[in-house]
Amino acid sequence: SPLISHFPFERTAAKEVLPAELEILKPTEGAFWLTFRAIFGPVVLEKNGDWSARKWQRGSLNLPTELLPMANHMTRLSRQLFTREGARQPLQISVKPLPFSATAGGVPLTMIFLRSGKAQVFGVNAIPSSRPLAISWWQSDVASVGAEFSIATSGRKQSQSIEVSDSAWSFFRLLDKATAQTDGRVMTWNLPSDGGQPPIDVRFELGSDPWQIFMSKAMSGAKR
């Protein structure tokens, strides 16, 4: 499918999926599901979002190996992108800011932040806790990660950051600029030097690997 060969389904792709193209995944009237049910409806069953082969007294049909895992993954994706009524809804990414160095080049750091549009999670070196970051995937929001610090001589606050814009998938493009550890959940961004300040590392722990929203082993097989 051309859809799953584009970003963010395919992380290395330059061409991106347009948000409007995902309308085919609307739970009831999306073209993907209308076609899937029309073709496979007689031989499959769906219960609570899980698809399985329909069974008869003589057994069941031998379906393509990747069909049911792909359908189950697309069901999960549909439920994250849309409400039952088919309205778009933000992706909810669980984010926990991790402790950071109290100073960078002798300048006190006051907080770190991760933003997508108007949604943000920030950390102030207190006991970290996870909070949801809402990603409005249908609009081209600016995504950024950074650190804020105070200038002792003036009391002014400045920041160093990395920003990605001009993409509905700017948050995922920002993720690609991080180094991932711990099963793709701990993300480290190296903020470039700015205004005489040295580079700074900031880290956030995600509740799960966000790329799994779009990709699965079944999807990888479907591209071959």
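In this predicted model, the buried residues of helix α2 are Leu67, Leu68, Met70, Ala71, Asn72, His73, Met74, Thr75, Leu77, Ser78 and Leu81. They make up eleven of the helix's 15 residues, so α2 is largely enclosed by the rest of the structure. From its first C-alpha to its last, α2 reaches 21 Å, close to the 21 Å expected for a helix with 15 residues at 1.5 Å a residue.

Alanine 71 is one of the residues of this helix. Its relative accessibility is 0%, and because buried means under 20%, alanine 71 counts as buried. Beyond its neighbours within four places in sequence, alanine 71 is in contact with Trp33, Phe36 and Trp51. Glycine 49 lies 22 residues away from alanine 71 in sequence, and the two C-alpha atoms are 9.2 Å apart.

In soluble globular proteins, nonpolar side chains tend to be buried together. Here the largest nonpolar core has 59 residues, and the members that touch the most others are Phe172 and Trp189. Helix α2 (residues 67–81) supplies the largest share of this core, with seven residues. Phenylalanine 172, for its part, touches Phe7, Leu91, Pro210, Trp211, Ile213 and Phe214, when residues up to four places away in sequence are not counted.

Confidence in the prediction can be followed along the chain. The protein chain has a mean pLDDT of 88, with 90% of its residues at 70 or more. Among the elements of the chain, helix α3 (residues 170–175) has the highest mean pLDDT, 96, whereas helix α4 (residues 217–223) has the lowest, 52. Where pLDDT is low, the predicted coordinates should not be read in detail.

Note on methods
Residues numbered from 1 in each chain as written. Predicted model: local features only at pLDDT ≥ 70, side-chain atom pairs only at ≥ 80, totals over all residues. Heavy atoms only, no water. Core = buried A, V, L, I, M, F, W, Y, C linked by side-chain atoms within 4.5 Å. Buried < 20%, exposed > 50% of the residue type's maximum accessible area, 1.4 Å probe, protein only. Helix = DSSP H or I, 4+ residues; strand = E, 2+ residues; numbered from the N terminus. Contact = heavy atoms within 4.5 Å. Expected span 1.5 Å × (residues − 1). pLDDT = per-residue confidence, 0-100.
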